[in-house]
Structures are given as structure tokens and as C-alpha cells.
Amino acid sequence: MQNAERKCRGFVALLLVGLLFLFAACNGSRELYDLGIVLGIGLDRSAEEGAVDMTLQLASGLQGEPGGGMGGLQSGEAFINYTLPGDVSLSHFRQFKLRMQKEVYLAHNELFVIGEPLARAGIGPYIDFFLRDPELRVSTNILVAKGSAAELLAAEAMLSEYPTLSLSQREDSYPLSGATSRCSLFDFVSAMASECRCATVPMAELQAGADGEPISVFNGLAIFRGDTMIGTLTQEEVSGLLFLTDAVRNGALRFSVDGSVVEVELQRSKTKLCYTVQEDGTADILVTIRSGGRIVSRAGGAAERNSIIRAGETRMQEEMLMTLRRAQELHADIFGFGDAIAKCEPDWWEVHGGNWEANLPRLRFAFDIVLEPGEL
Amino acid sequence: MRNQSFTPRQLGVALAAFIFAANRFSSYYTETLRQDAWLSVLLGLLFFAPIFLLYVALAREFPGKGLFQINEIVFGKGIGKGITVLYLFFFILINSMNQRYVADFTVNTILPEMALAPLVFSMAIVFAWVLRCGLRATMRIGWFVLLFAAGALVLSYALLAKQMQPANFMPAFRHAPVRYLQSAHTNAIISLGDMLCFLPLLRYMQPGKKVLRPVIIGILSGAALTLLCVCQNILVLGVLEPYRLYPAYDVARLIRISDAFSRMEFLFTIPALLLFTLRVLFLFFAIVEGMGQLFGIEDRRPLLLPTVGLCAALTFLVVSGSGELKAFTMGVAPFFSGFFVLLLPLLTLTVFLVRRNRVQEVIGNNAECREEVSA
Amino acid sequence: MLHDIFRKIGYLIRRSQQPGNAHEEAPDERKLFERLELNKERIQSYYGNDLVLRACNVGSRAALLCYIDGLADEKFIGDFVLVPLLRPWLQQGMRLSHIKEHFLTAGDVKETDALPLLLGSLSAGDCALLLDGEAGALLISSKGYARRGVEDSTTEMTARGPRESFTENMRTNTALLRRRVKSPDLLFDLCSAGRYSKTDITIAYIRGIAQEETVAEVKRRLAKIDVDAVLESGYVEQYVEDAPYSLFATVGNSERPDAVAARLLEGRIAILVDGTPFVLTVPCFFMETFQGVEDYYARPFFATFLRVLRFAAAIVTVLLPALYLSFTIFHQEIIPTKLLFSMVGASANIPFPELLEMLLMSFTFEVLREAGKRLPRAVGQSISIVGAIIVGEAAVSAGLVSAPMVIVVSFTAVCSFMVPAHNDAFTLLRFIFIAAAGWMGGVGVLLCALCLLAHLASLESFGQPYMAPFFPLRRGDLKDSLVRAPLHDMVARPTGMTGNRRRVGGNK
């Protein structure tokens with residue numbers, strides 16, 4: 001009897017395990033060679049009304065030959081750019097799959113490049129599409145191309161054989177360059193979800209290189225209200241933004257004092273903002289900065305240390321004021337002042353928060369800057 | 001079934017893992033309180049305290065007995081079995097929902113191209129195997145699973161330190177009081193109240209001098225880990241937190257050690273999945289215990305496969321997707337579960353207190369009968 | 001004399017009437033006869049031509065000396081048995097007991113009247129002296145069969161520590177243990193198993209340290225062994241273990257006397273089986289796999305490092321192929337981008353799916369390993385190495401497998417040699433995990449790991465949890481688990497194995 005029971009149980013167990021193998025095709029495994037590894041995605045406004053040119057940059061040498069009838073096909077040695085017009089949707093991606101004979105794999109996508117015309121038209125639906133993809137990283141960088149995203153993706157790469165990796169690495173290295181900031185998909189969507197904050201996205205453009213070939217260069221930031229680009233910050237205005245958002249890690253100051261041109265490398269900088277709200281809906285903001293670094297060069301003149309320090313502090317203030325003026329012109333809170341006030345003065349914000357953008361130009365700023373460069 | 005005994009300390013650890021598992025990747029409390037979600041954990045503990053005292057009172061009055069045995073003693077055999085059926089219905093439903101949650105989470109995040117059926121089927125086989133190994137073995141591995149999950153949480157704190165913004169907790173205490181009540185109620189009933197499933201298993205606990213202390217430490221540890229998890233979600237995700245179905249998973253997706261190691265959310269999901277399967281297993285043990293008590297089957301082994309199969313089948317029927325599951329958890333479960341978690345045990349204790357003498361007589365008779373039989 | 005004849009006739013009649021075991025005897029027929037001739041006939045009926053019968057006279061009485069050629073030491077018999085017996089001044093009518101007490105110079109002499117005992121002793125290498133007119137015999141220990149000397153251990157080699165290992169002779173083994181534990185509390189209880197082999201089994205334990213219940217349980221399980229033969233300790237292991245259907249053995253074994261002595265001192269019980277140098281120890285724990293006897297001779301920090309390394313190697317050998325497979329076919333996002341490029345490039349022209357590739361490579365390695373064991377020592381190593389290199393290189397060049405796959409399988413193989421004790425279990429587990437990974441990737445590996453963990457946590461070895469001190473967690477015993485605390489910190493014996501836990505201090 002016990003034997004029969006055991007046999008029954010063994011049979012049932014075998015049956016259960018065997019049934020598992022009936023599900024053999026349901027597990028979603030993919031061989032490495034079946035993957036079309038996407039490194040970068042570019043979006044441009046199409047000539048066709050309402051359509052978007054989507055460019056996928058894939059690692060080459062690993063990919064199969066594309067099918068016929070592709071849109072644009074550009075190729076470097078290490079990568080292939082596929083461009084396909086259409087609407088950014090599931091069927092659009094399916095077209096890629098059909099033509100490349102590979103599975104579009106977005107998990108290693110490093111960069112989104114949005115062409116400026118499309119950015120000005122609004123990119124919300126496309127962001128929503130990509131955000132819902134489980135493979136895509138929210139830490140993917142975003143970049144706005146002055147001109148065409150597809151051209152930027154095809155430009156010669158500086159740090160890597162893949163243009164997207166090069167661009168992405170340069171954007172990631174903003175703390176070292178101090179010349180741009182970084183905007184990931186997460187940062188962008190957080191700004192979109194915020195009540196008043198505007199996202200700033202690095203901009204890049206093509207310039208002629210030494211050998212005449214176009215190379216990509218970072219130049220300024222794009223300002224987005226919601227999902228639509230409303231303006232830009234020039235390269236000079238970027239450093240002001242970095243000071244005000246406490247994002248300076250390795251900044252540079254260049255200024256004249258007493259006939260000499262001084263360059264200071266800022267290696268430590270800490271910004272604190274103190275808000276005093278007013279009943280009329282405006283606020284007074286005290287910007288306190290403590291910076292340290294070293295004087296890199298001093299050409300001409302014999303300025304005293306104190307003069308250099310004062311001139312440096314003045315220069316920092318000027319840069320910040322430049323950026324503030326630009327933001328106020330655009331009624332764009334790119335610094336997060338509104339978010340900060342909403343958190344620390346919620347009662348006031350409930351009353352006046354709705355008019356924040358309108359009141360932005362009326363904000364008053366005071367600066368308390370201390371610069372402590374190293375020994376001369 | 002053999003291999004069922006466990007110590008009070010193991011029970012404490014199991015409770016901590018059980019509570020932590022409920023909140024590791026879920027988001028049902030964030031929608032209500034958003035940046036104050038951490039408060040719902042503390043308030044939930046406060047709300048749960050009287051329920052906990054109720055369970056302690058029941059356990060003290062019936063030492064060495066499980067919930068289903070207590071039902072039969074207090075209400076009599078017929079009504080007791082009826083009450084047991086109610087509890088079983090609750091545990092089976094909760095178990096199926098938990099399994100569905102795990103399966104949905106896995107399919108939505110880790111294995112997007114996998115069908116639900118083979119996943120649920122595979123999990124069912126694993127559950128059956130672990131059930132067969134016994135409650136004792138499951139209790140023994142509890143500390144490892146808890147430590148693994150807690151370690152992953154602490155590691156994620158260290159790796160995401162730069163992305164944490166304490167200002168995300170502001171503005172604090174801005175919601176209507178009823179929302180705090182609602183969130184505390186939800187937390188108390190769902191993540192803490194499901195601990196009811198340990199009451200039937202108390203009959204297997206080895207008697208010890210200190211029982212209450214490890215249990216309380218376990219509950220508080222689970223709540224503390226939950227608090228850490230919730231705080232991390234708020235610190236990192238900020239305004240995006242209420243919009244995500246699995247906020248802790250999204251937090252893990254942001255971990256970036258260097259260019260080479262930036263997509264490791266799967267590695268941080270593994271301890272959480274292990275934790276969640278442990279939670280489902282404890283519910284299974286309660287169900288098997290109830291089935292055995294109901295049908296009078298001492299050896300629980302024949303009940304394992306049918307129980308696992310039943311719950312696996314119900315996994316497909318109980319809800320149609322993650323959205324419906326979340327809606328149920330937010331809207332219906334606090335009241336539905338409240339009946340089983342609070343009202344039924346309260347009724348049991350009340351009836352016992354009213355019929356105390358009669359019940360003790362019954363217990364005494366049963367003890368005499370057992371002595372005669374053993375002699 | 002007549003009485004003896006009638007008994008013999010009765011025996012012969014009964015034997016002819018009962019077909020079957022020719023040597024089944026009525027209870028009284030298990031006794032020796034008084035007549036020497038009858039005894040001689042009886043003994044001769046049991047043995048073949050290896051039985052030596054030396055007739056002689058002791059005093060005026062006929063005597064018979066029996067021994068098995070090849071088992072007994074003839075020189076010893078000659079010097080210490082025959083010489084004293086063949087003295088002209090032996091008195092008439094001398095009894096066996098008198099001979100034993102006054103004339104024989106051999107050490108171990110027993111008197112018996114039981115035929116089975118006599119036959120057993122002859123089979124063990126003793127010689128028997130029978131006297132005409134006495135229903136009894138003297139059993140004189142004269143074992144002299146060929147035996148291997150005490151040599152180095154071949155399976156548990158150490159850089160530091162004693163080199164001795166057990167041999168096939170049980171008495172030598174008990175002596176080796178006695179040399180290390182000189183306390184009179186070290187007890188050896190003898191039993192035997194096997195209907196035909198009648199293998200001697202000794203249970204060794206230290207009174208006052210080993211738990212009496214455990215000793216009784218060991219004896220009970222050994223007594224239940226009812227088989228034809230017990231040829232090796234592995235037979236005993238499989239008959240007494242708690243979980244015969246588990247991949248993991250819950251009975252430990254060792255070839256080293258120092259290791260067994262250390263385990264005895266922790267409260268364990270050793271089972272020595274005659275004919276094999278592998279001594280069993282119970283209870284056994286999973287962590288013993290990672291603990292070498294040399295750990296206690298080395299510095300604690302380095303010993304800890306080695307244990308952690310072995311544990312990591314065990315995890316690698318079981319999980320690495322499965323994890324590699326799950327990362328390459330399910331979770332490619334984890335792989336760094338540039339590494340992914342090289343892996344894609346390496347696997348570009350491979351015709352097989354990754355799962356099949358992994359199974360083929362793993363299977364090939366197992367074939368190479370098993371074949372290497374059977375080759376003659378002189379050429380075995382070279383052929384293994386060359387074969388592995390050529391097979392690996394050729395397979396990659398031919399595009400049958402990818403280079404990363406070869407690296408993964410090779411590293412797994414190397415790690416498997418670090419934990420030889422559970423190599424069989426880990427090998428099977430590796431294939432199970434590979435199948436799980438191929439089925440559901442990391443989730444499959446996780447579910448499989450959960451099953452394994454639960455199974456290990458449920459195992460017991462003679463009443464002790466197999467996964468102690470981890471499952472259940474015994475904090476006091478963690479000092480000698482994955483880490484090896486300094487010896488002066490290890491003041492207590494492991495929990496649960498003994499009531500006498502203190503092992504440091506209290507010398508009288």
C-alpha cells in the first residue's frame with residue numbers, strides 16, 4: 001500500500017514537472033545575437049505633418065544586415081544609425097524589428113537626443129512612451145540638438161567610437177568640466193511633475209573640427225516648461241545656474257582686475273539659499289556661497305590678493321545675475337526656488353503659488369559670497 | 001506533520017520578515033499620504049497595538065493551541081469549524097492575491113515576455129516543495145532571508161546617498177486628518193494584520209520563558225525596515241513617488257555605481273522576491289493547518305498539493321491585473337480584512353470570556369481524555 | 001562418547017531432511033562436541049583447502065590446531081602456540097583452561113564452546129585449539145594477513161599536521177585513535193554487520209562527552225543493518241543516514257586520525273569499519289565541507305580566509321554557470337555595455353543556443369574529469385590537461401562554443417576541486433540550477449535556491465540540524481563555522497551534541 005502511494009506521488013510529481021516543459025516557449029529568453037543593442041535614440045520633427053523621425057544608434061559589427069526600404073541609414077565603423085519616420089509608438093518599433101531582423105533592446109540606451117524643432121513643439125507623448133518601457137533606464141541622459149538629432153548622432157565621436165557614448169560620457173562629466181549640467185530622464189520627468197520647476201537640458205551642436213569634419217560640441221542649455229522648450233541659456237549663463245543650484249564641482253572663473261586677467265579654478269563650492277516670503281507674493285532670496293579653489297593664472301598687472309578675491313566674488317555675482325535675468329525674462333523657474341518655498345512655506349504657497357511664474361521677475365536677490373582661493 | 005516546531009525567537013524573525021515583505025515594493029500607502037507616507041508606518045503600528053494585544057490575550061488563554069483549535073474549543077465543534085472555514089477563505093484569498101502580486105511584479109519588471117501561467121505554476125511547485133520540508137525549516141531560514149533583504153536595503157541607501165534629498169519630506173503634515181487615519185488603518189490591517197496567519201501555527205511553538213519579547217522585537221524590526229524603505233522612496237523619488245506602482249523598484253533602477261554597473265535593479269529585487277515568497281509560504285502553512293484541522297487529517301502532507309494547486313488556480317481568478325489589485329488593497333481590503341483580522345478574533349475572545357467556565361471545563365475534559373488514552 | 005555419536009547422527013538425519021542452508025543447525029548443534037573427530041569433520045565442512053589442521057598431542061590427549069592459511073601468522077603460531085604445547089612435561093588429562101592459564105604464551109586467548117564463534121575467529125585470522133574429550137576450544141589471536149602500513153592520506157592532504165591516515169585494519173585504526181586520545185574514557189564498542197561478510201564495526205566515543213542517546217541510536221541503526229555484506233564504510237553510511245534520498249550525505253567521513261579525534265572530542269561518534277580506511281563520524285554538519293583539519297593548525301585569520309574562500313568556491317561551482325546563463329539570455333541589462341559587445345561578438349557564429357552550449361560544456365568537463373580518474377597515474381594528469389586544453393581550444397576555433405563559455409565552465413571546474421567532499425552533490429546541483437536558469441533566468445535560480453535552502457534546513461543528522469550553526473542560528477557556535485576564532489576563544493563544544501560543553505579549563 002505504501003509502495004503504491006509512493007509510486008502515485010512520484011508519478012504526480014513527474015507529471016507536474018513534465019507539464020512545465022509544455023510551457024517551453026513562454027519564458028521570454030533571448031539569445032545575445034538576437035538583440036539589436038540600442039545605444040542612443042534621436043527624435044526629430046519629420047517633414048511629414050505630425051510625424052517624428054526616430055533614429056536608433058546600434059552597435060555595429062554585431063548586427064545583421066538591415067532589410068530593404070529603410071529610411072536613412074548611416075554607418076560609422078562601430079555603429080549603425082537607423083532612421084525611420086512615423087509616430088513614436090509600438091508599431092513604429094515593430095517596423096525596426098521587421099527591418100533589422102533583431103529585437104530592439106533598449107536596456108543599454110545611454111542617450112536621448114531631441115532635435116530643437118521637436119523640443120519646441122513638445123515631447124511629452126514620446127517621453128511617456130519611453131518611460132513606460134520596462135527595459136529603458138530612467139537614468140538615461142537627455143540632450144537637445146541644435147538642428148538635427150540624427151546628424152548629431154552621426155558626428156564623429158571624441159571619447160568613444162560610438163557618438164552616443166561619447167556624448168553621454170561628456171554629459172556625465174559635467175562636474176569636471178563645469179561647463180554644462182546633466183539631465184536624465186528621471187530629472188526631466190521630476191521637473192514635469194513639479195508644480196513650477198522648469199527642466200534644463202544640455203544642448204549640443206555640430207561645429208567644424210580641425211580637419212573639417214563636423215564634431216559635436218556642448219553649447220548652452222535648453223529650458224523646458226513642462227514638455228516644451230521655451231528658451232535657452234547661453235554658455236556664459238550656465239555657470240550662474242550651476243552656482244545657484246549648488247552644482248559646481250570644478251568650476252572656472254575668469255575676470256579682470258587691476259589690469260590683469262585672472263583665472264580661478266573653483267574646487268569647492270557650497271551654495272545655500274534662504275527664502276523670506278512677502279505678503280505681496282514675492283520673495284527675498286539670500287544666496288550664500290562659500291567657494292574655494294586655486295588661482296590658475298594671472299596675466300599682466302600686479303593686483304593684490306584682496307582685490308582679486310573681491311573681483312572674483314563680483315564676477316560670480318554677475319554670472320548669477322545674468323542667469324537670473326534670463327530666467328525671469330522667460331518666467332521660468334529653472335532653479336527650483338518655487339519647489340523650495342512650497343516645501344518650507346506651504347501656507348504661503350497655497351495662496352500665492354498659482355502666480356509664481358508671473359511673480360518670478362519680482363523676486364529680489366541678495367548675495368553673500370566668500371571666495372577663498374589658494375596661495376598666490 | 002513532522003518538522004513543525006519553532007522557537008519564539010524564530011517567530012519574531014518570521015514576523016519581521018512578514019511585515020517587511022508586505023511593504024518592500026508596494027505602494028498602497030504612498031498615494032494617500034505622499035511625502036508623509038513614513039508617518040503611516042508609525043501610525044499603523046499604533047493602530048495595530050490593540051489588535052496585537054487581542055492576539056496575545058488569545059494566545060495566553062490557550063497556551064499551546066492554534067487559532068483553529070481555539071475556535072473549536074470556544075464555539076464548539078460545529079460553529080468552530082464554520083469559523084475555521086471563514087478564516088481559511090480569508091487566508092486563501094490573501095494568499096492568492098499575494099501570489100498574484102509577486103507574479104505581476106515579476107512579469108512587469110524582470111521577465112516582461114514571460115506568460116503568467118508558467119511562472120505561477122513554477123512557483124506552485126516550489127511552494128509545495130518548501131511546504132513539504134516543513135514549518136521548522138522555513139522558520140530556520142527566516143533570519144537569512146531577512147538579513148539578505150535588510151542588507152540589500154542598507155546597501156541601496158549607501159549607493160543612493162547622493163541622490164537623496166531630505167527636502168522631499170516637506171511639506172510635512174499638510175494632509176487632512178482623515179487621510180492619516182485612512183493610511184494608518186490600511187497599514188495596520190494589511191501589512192500588520194495579516195500576521196493573523198501565525199496564530200494557527202502557535203501550537204507548534206516551543207514553550208519558552210521569553211515569548212512576548214522576541215515577538216515584539218520582531219514586529220518593531222519589521223516596522224523599522226518598512227520605515228527605512230518608505231523613507232528611501234520619499235528621499236529619492238520625491239514628487240514621482242506617488243505615480244509609481246513599485247516605487248522601491250524604481251529607486252533600485254537609479255542605482256549607478258560607475259558606467260559599468262548601472263542596471264542592477266534585478267540584483268536588488270532578488271532579496272525582495274525571496275522575502276515575498278517567505279510571506280506567501282507562511283500563509284500557506286496557515287491554510288494547510290486549517291485544512292488539516294477542518295478535515296481532521298493529522299498528517300498534513302496529502303493536503304499540500306491540493307492547497308498549492310487551489311491557491312495557484314485562484315491566482316488567475318482573484319484579480320485581473322495589478323491595477324485591480326491595488327484598487328482592492330486601497331479601497332476594499334482595509335474593511336474586508338478588518339473583519340477577519342479584528343472582528344473575528346475579538347468575537348472569539350469575547351465569547352470565551354463570557355463562557356469561560358464552560359470552556360475551561362471542556363479543556364479539562366479533553367485533557368483527561370488524552371491522559372486516559374495515553375495511559 | 002556415545003552421547004556425541006547419537007548427537008551427530010541426529011544432526012545428520014535432520015540436515016538431510018531440511019533442504020536449504022546446509023549449515024543450518026539446531027540450537028544445540030551450535031556447540032562443539034567432545035569428540036575431536038566430530039569437531040574436525042564439522043570444521044572441515046565449512047572451509048576449503050585454505051584450512052590448515054595441525055594434529056598434535058598435548059600430553060597424551062589428541063589435539064587439533066586449526067587456522068586459515070593466509071590469514072593467520074604461522075610463525076606466531078609456531079613460536080607461541082605449538083612450542084609451548086609440544087612439551088614433554090605436559091601433564092596427562094590437562095584441561096583447556098589449564099593450558100590457557102599456564103602454558104600458552106600468546107596474549108589474547110579466549111575459551112569458547114560455541115562453534116559460530118570458533119568459525120568467526122578462524123575467518124578473522126585466529127587459530128583454534130581443540131582437545132579430544134573436551135567440548136570447547138581455545139581461540140588464540142594470531143592474525144597475520146597482509147596489510148597496508150600507515151601511509152599519507154591521499155584524499156585529505158595538508159601542508160602542516162600529521163601525515164598518518166587510517167588503514168584497512170580496524171585494530172590499527174583504533175590504535176591510531178587511542179594514541180591521540182589516551183583518556184580511558186575513549187570507548188570502543190564492537191559489533192558486526194553483514195550476513196556473509198560479518199564485517200567488524202567499532203563504535204568509538206568518549207564517555208562523558210558523547211550523548212548516550214546518540215550512542216544508543218547509532219547502535220540501534222547499526223543493528224538494523226541486515227544485508228549480505230558490508231564491504232566499505234559507504235555501505236554503513238547509506239544504511240544509517242537520516243535522509244537516504246537527499247543529495248547531501250548526513251554522515252561524515254575522514255581518512256585522518258587527527259580529524260576523527262577532534263570530532264570525537266566535540267561529542268561526535270566515530271564508526272570504524274574493518275576493511276576500509278574511511279571512518280564515519282556522526283552527527284555530521286554541512287559546514288564540515290568547508291572546514292579542514294589544517295584550519296586548526298594555521299593562524300586563525302588565514303584559516304578564516306581559507307574557509308570563506310572555500311565557501312565562495314562552493315557557491316561559484318554551483319551558481320556561476322546558472323548565473324552566467326541567466327544574465328546572457330534573460331537579464332542582459334546587468335552586463336556592462338562593452339563586455340556585452342565582446343560577448344555578442346564571441347557568440348556571433350555559435351550555432352547552439354546558450355543553454356545547450358552550457359550543458360554540452362558542462363557534460364564534457366564531467367566526462368574529462370571522470371575519465372581522468374580512471375587513467376593510469378603516469379599519463380592521467382597529462383592527458384587530462386592536454387585533452388581539456390585541446391578540446392577547449394578546438395571547440396572555440398571550430399565555433400562550437402564561445403570563449404566566455406569555456407572560461408566560465410573552466411573556472412567552475414577549478415572551484416569544484418576546492419570542496420571535494422560534496423563534489424557529487426554540487427555537480428548534480430549545478431545541472432539543476434542550469435536547467436532552472438534556462439527556464440526562468442534569475443527568478444528560476446532564485447526559486448531553485450529557495451528549494452535548496454529549505455531542503456538543507458530540514459535535514460538532520462542523528463538529531464542535530466544539518467545546517468547548524470546557521471539554520472537554526474546558534475550564535476555561540478558561529479566562532480567555528482565560516483570563521484575560525486582563535487583557539488583560546490573556543491571554550492565550548494558545539495551546542496546540542498553534548499551536555500559537557502566546556503572544553504577549556506577545569507583541569508584536575
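Guide: Contact means heavy atoms within 4.5 Å. Keep in mind that this is a predicted model.

Visitor: How many residues does the contact take from chain A and from chain C?
Guide: Chain A gives 23 residues and chain C gives 21 residues.

Visitor: What area do chain A and chain C bury between them?
Guide: About 1,900 Å². Carbon and sulfur atoms carry 65% of it.

Visitor: How many salt bridges are there between chain A and chain C?
Guide: The count is 0. To score, a side-chain nitrogen of Lys or Arg must be within 4 Å of a carboxyl oxygen of Asp or Glu. Polar contact is another matter: the rule finds 6 residue pairs across the interface of chain A and chain C.

Visitor: Which elements give two or more residues to the side of chain A that touches chain C?
Guide: Helix H1 (2-20) and strand E1 (35-45) of chain A. E1(A) gives the most, with 3 residues. By type, that side of chain A divides into 13 nonpolar, 5 polar and 5 charged residues.

Visitor: Now chain B. Why is B:Ile94 called buried?
Guide: Buried means under 20% relative accessible area. B:Ile94 has 7%, so B:Ile94 is buried. Its place is in helix H5 (residues 77-110) of chain B.

Visitor: What does B:Ile94 touch, not counting residues up to four places away in sequence?
Guide: B:Asp194, B:Leu283 and B:Ser337. As for B:Thr315, it is 221 residues apart from B:Ile94 along the chain, yet their C-alpha atoms are separated by 9.8 Å.

Visitor: Why does C:Asp480 count as buried?
Guide: Its relative accessibility is 15%. The cut-off is under 20%. Therefore C:Asp480 counts as buried. C:Asp480 lies in the segment after strand E12 (464-465) of chain C.

Visitor: What makes the link between C:Asp480 and C:Arg307 a polar contact?
Guide: The limit is 3.5 Å between N or O atoms, with one able to donate a hydrogen and the other to accept it. The two side chains make their polar contact at 2.9 Å. C:Asp480 also touches other residues, including C:Glu266, C:Gln291, C:Tyr296 and C:Met490.

Visitor: Back to chain A. Which residues of helix H8 (residues 185-193) are buried?
Guide: A:Leu185, A:Phe186, A:Phe188, A:Val189, A:Ser190 and A:Ala191. The buried residues of H8(A) pack against several elements, among them strand E6 (111-115) and helix H4 (124-131) of chain A. Helix H9 (212-237) of chain B is one of their partners too.

Conventions:
Residues numbered from 1 in each chain as written. Chains lettered and ligands numbered in written order. Predicted model: local features only at pLDDT ≥ 70, side-chain atom pairs only at ≥ 80, totals over all residues. Heavy atoms only, no water. Buried < 20%, exposed > 50% of the residue type's maximum accessible area, 1.4 Å probe, protein only. Helix = DSSP H or I, 4+ residues; strand = E, 2+ residues; numbered from the N terminus. Buried area = accessible area lost by both parts, 1.4 Å probe. Nonpolar A, V, L, I, M, F, W, Y, C, P; charged D, E, K, R; others polar.
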